There are 2 protein chains.
Amino acid sequence: MTQPETWTALTRHWQDLADLGGIGALLGWDRSTYLPPRAAAGRARQSALLSGLRHERATSAAYGRLLDEAEGLGDLSPAQTRMLAVARRNFDRATRLPGAFVQTFSGHAGETYSTWTQARPANDFARVAPLLEKTLDLSQQMASYFPEFATPMDYFIDAADEGMAAAQVDEVFTALRQALVPMVDEAAQAQVRTDFLARHYPVPTQLALGEAIARDYGYDTAAGRQDLTAHPFMTRLGAHDVRITTRVREDDPTDALYSTLHEAGHAMYEQGVAEEFLDTPLGGGVSAGVHESQSRLWENLVGRSRAFWAGQFGRFQDAFPEQLADVTEDEMFRAVNVVRRSLIRTDADELTYNLHVIIRYELERELLAGRLAVRDLPDAWHAAYETNLGLRAPSDVDGVLQDVHWYGGGIGGAFQGYTIGNVLSAQFYAAAGQATPGLDTDIARGDFSRLHAWLREHVYAPGRRYAPGELVERVTGQPMTVEPYLAYLRQKYAALGA
Amino acid sequence: MTQPETWTALTRHWQDLADLGGIGALLGWDRSTYLPPRAAAGRARQSALLSGLRHERATSAAYGRLLDEAEGLGDLSPAQTRMLAVARRNFDRATRLPGAFVQTFSGHAGETYSTWTQARPANDFARVAPLLEKTLDLSQQMASYFPEFATPMDYFIDAADEGMAAAQVDEVFTALRQALVPMVDEAAQAQVRTDFLARHYPVPTQLALGEAIARDYGYDTAAGRQDLTAHPFMTRLGAHDVRITTRVREDDPTDALYSTLHEAGHAMYEQGVAEEFLDTPLGGGVSAGVHESQSRLWENLVGRSRAFWAGQFGRFQDAFPEQLADVTEDEMFRAVNVVRRSLIRTDADELTYNLHVIIRYELERELLAGRLAVRDLPDAWHAAYETNLGLRAPSDVDGVLQDVHWYGGGIGGAFQGYTIGNVLSAQFYAAAGQATPGLDTDIARGDFSRLHAWLREHVYAPGRRYAPGELVERVTGQPMTVEPYLAYLRQKYAALGA
């Protein structure tokens, strides 16, 4: 093929891969939103069929030859070169795992998940432990197909956050824990009024309000929508179809609100990718950590700020006049920032959340390195909670059986992105603040447009155009560093303590 | 391959075809319910890609060889023999259409649908006309791959109603029009109180009530659900996933009610197919006409009967106490059976509905035969309405732009099934009544179980086990005949006139 023909064929192939990915995302979205109960088994089969079709196309010899040919072309732009590099990386990752291994792992994960759904309510870790041992074996085996990584953990971290290694994560997390533990000690003692959050807040009003703020943030509902689900998520179903889901608790309006703002942050990132990159290997968020930084930025740095509540509290009072009649803006601001030690990661506040993540990250790392046995995991869990949070779960239900991640997939790389995201959110937000002074004044007026425009230009539009580390340096002027995040936390909780 | 292996391979292939069909149905369902506006073009491309993939598998040489082998097997049951025959018919239909043609047509249909959604509110037939011309070309081209049919219309009718031809439809429709025109003349003069239907009926109550009655009918919402759309439909997304959609008008509760009961009739047919036939070539309704007979039976013969309102009127008064405070059961029964000449097919009463269908059927037939040009279609539409109903639409919005069919698929075979369905609905219902005396008493008590069970056993469970003509004869003892339908209409409107 001549050069333009090669590139055209590649582009068409990428388009098909994107379309198959979008169809798979629709199957998953529907499963989590509207699927009738008796349809679950059939849907699982449909999803497996479609994954297989996509895998075939993503790993075909013909596609490999196209990539070879394209890599021999002389006249590629820098963006095309990166496009090819990302495509090659994806192709290598997918082709080096033997099909039989992938199938074994996927079957095992399904069996483990199903056992976990019964073992958890029964507080029966022993029942799922043998399966988890096999999961650990398979995870180590998976990493062994990529011997260029020094440890299995390095492989899994790189898979989620290209170019990052365990040593770098360890360093950041160590610094973070040192700073967080005393901050939690202090913040957890504050007397904060939260009684009004437990009043009755009707679902439709909560949904309408959350969506209105997400739209004000910049979430384009002409190219997305919000639906209800049990476990909120964001998903890309097509180039101009990026949906979010939420759940609503009538006795806690912050649950739906911050879930919506969090998923809207993910969605704005996906919606902001430059048109030219859509449906190519560059058409999406660049890494787990950077993605999470965008959800956390809009959820926490914006959505839990004093400026946010200066702009939005009146709107909340209009929507819930009786529930908030005796509540001040300051009380609302403090209530959504209350710090309390707790056992459940997904219910945790901004400060303690990171300790939950660090605990899981370290346990994963020790398991994968062979320094911790699965049978000793429950005790290790309790010990880590006592050390980091001074708490002990009454049973394994809220201990080692708490999160689905290890029981629904593999062990390794599933957790660190949450806290890397927190760290990067502050680093990006500081850069945005320097480039566009007066953001707080905008936000206090309910105007998020300059912030959204800046993020769109600098973070969203590039998609995967730069590796995550390169993106962070280009946008913030330095590699990932924990300082802006610590500065943000110190300032915020000092002000709250006052 | 040995016999059991051949059959196992065939069964697995049918399963994949069913799964790909279900995925395609999900893409279509989502397009009509929840798709964000900007996602339309991408969705059309996804649907085209998936149609192409399904077409590949439905027409592959390997599948053809499997069918050849299976046809050579000696020891097939009668059901397996019919399964193979239906599979062979589908294979032949599909293999004669080139893959590129199917993909072009599907992509074109998506584009046309999307343009129609904008052209219709703008009353801009000219905007969609060039696309419709291409649709007509493509439809004629499609029929030309099947030269064994005397006319394109015969091909499309046979595709929808296996074994039926235009001559038979013409004959039934001629007899019907002769009987209907004087009946409409008389019934349209009746003084009927309908003022209370234009009061305010809130959406959620309407939806809940419609769904409750659909469930009482026998629609299984553990294997289905109802959502909102512009143009109600039923769709099978999987073996145990049969969904319906409706629309709601707050100033006319009969719109959502009868749309729900209609689609529930379609859905109960699909849900009632015997487990052994699901995901095989026999796993679904056997023809457009028989399908429509089941929706019409539950919508009209049951849902607009005096017995239905005897059982349900109290429930309506409980749901809408103010709106129906001054209304009697008899007034409600008469109001839902009022006969009025109108412009909109989907709003039409039982009598005039068939005239709307006959108009479209004849226009299609003329378009396909090349005796009518697309540019002359708006005028031909108006002329036909003046002849048959004595009405003229003020614009194309309620004229030629009214129905989605020509704009969302092809031209040919889309409409006659509605009126064939009306004819068959009465034929089946008469047979049900003879087999299970006392149905009216059941229905007046709100008990639909014996009727549902009889239909399930005799009409639903067989799926495509028998050709439509054979099914009608087996169940009713005679071929399709217009007499039971005319008898039903005469009896009903005579009683209403009294």
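Thr352(B) has 0% relative accessibility and therefore counts as buried, the cut-off being under 20%. The structure is a predicted model. Thr352(B) lies in chain B, in helix α14, which covers residues 350-368.

**Around Thr352(B)**
- Beyond its neighbours within four places in sequence, Thr352(B) contacts Val184(B), Val339(B), Arg340(B), Arg341(B) and Leu389(B).

**How the two copies are related**
- Two copies of a chain are related by a rotation about an axis and a shift along it.
- Here chain A is superposed on chain B by a rotation of 174 degrees with a shift of 0.8 Å along the axis, at an RMSD of 1.4 Å.
- Of the interface residues of chain A, 100% are also interface residues in chain B, so the copies meet through the same surface.

**Extent of the interface**
- Chain A puts 37 residues into the contact, and chain B puts in 37 residues.
- Tyr34(A), Arg38(A) and Leu49(A) account for 20% of the area that chain A buries against chain B, more than any other three residues.
- Between them, chain A and chain B bury about 3,000 Å², with 57% of it on carbon and sulfur atoms.

**Polar and charged pairs across the interface**
- There are 10 salt bridges between chain A and chain B.
- In one salt bridge, the side chain of Arg243(A) meets that of Asp30(B) at 2.7 Å, N to O.
- Polar contacts across the interface of chain A and chain B come to 16 residue pairs, with both residues at pLDDT 80 or more.

**What chain A contributes**
- On the side of chain A that touches chain B, the elements giving two or more residues are α1 (3-33), α2 (40-59), β2 (234-238) and β3 (241-246).
- The most comes from α1(A), which gives 10 residues to this side.
- Sorted by class, the side of chain A that touches chain B holds 16 nonpolar, seven polar and 14 charged residues.

**Asp241(A)**
- Asp241(A) belongs to strand β3 of chain A.
- Asp241(A) counts as buried because its relative accessibility is 1%.
- The side chains of Asp241(A) and Arg243(A) are joined by a polar contact of 2.8 Å; Arg243(A) also takes part in the salt bridge with Asp30(B).
- Leaving out residues up to four places away in sequence, Asp241(A) touches Ala223(A), Thr235(A) and Arg236(A) in chain A, and Leu35(B), Pro36(B), Ala39(B) and Arg43(B) in chain B.

Methods:
Residues are numbered from 1 along each chain as its sequence is written. Chains are lettered from A and ligands numbered from 1 in the order in which they are written. This is a predicted model: local features need pLDDT of at least 70, side-chain atom pairs count only at pLDDT 80 or more; totals for chains, interfaces and linings use all residues. Side-chain values use heavy atoms; hydrogens and water are left out. Copies are superposed by least squares on the C-alpha atoms of residues with pLDDT of at least 70 in both. Contact means heavy atoms within 4.5 Å. Helices (H or I, at least four residues) and strands (E, at least two) are DSSP runs, numbered from the N terminus. Buried means under 20% relative accessible area, exposed over 50%, partly exposed in between (1.4 Å probe, protein chains only). Buried area is the accessible area (1.4 Å probe) that two parts lose on being put together, summed over both. A salt bridge is a side-chain nitrogen of Lys or Arg within 4 Å of a carboxyl oxygen of Asp or Glu. A polar contact is a pair of N or O atoms within 3.5 Å; within protein, one must be able to donate a hydrogen and the other to accept it, and residues adjacent in sequence count only if both atoms are side-chain atoms. Ala, Val, Leu, Ile, Met, Phe, Trp, Tyr, Cys and Pro count as nonpolar, Asp, Glu, Lys and Arg as charged, and the others, Gly among them, as polar.
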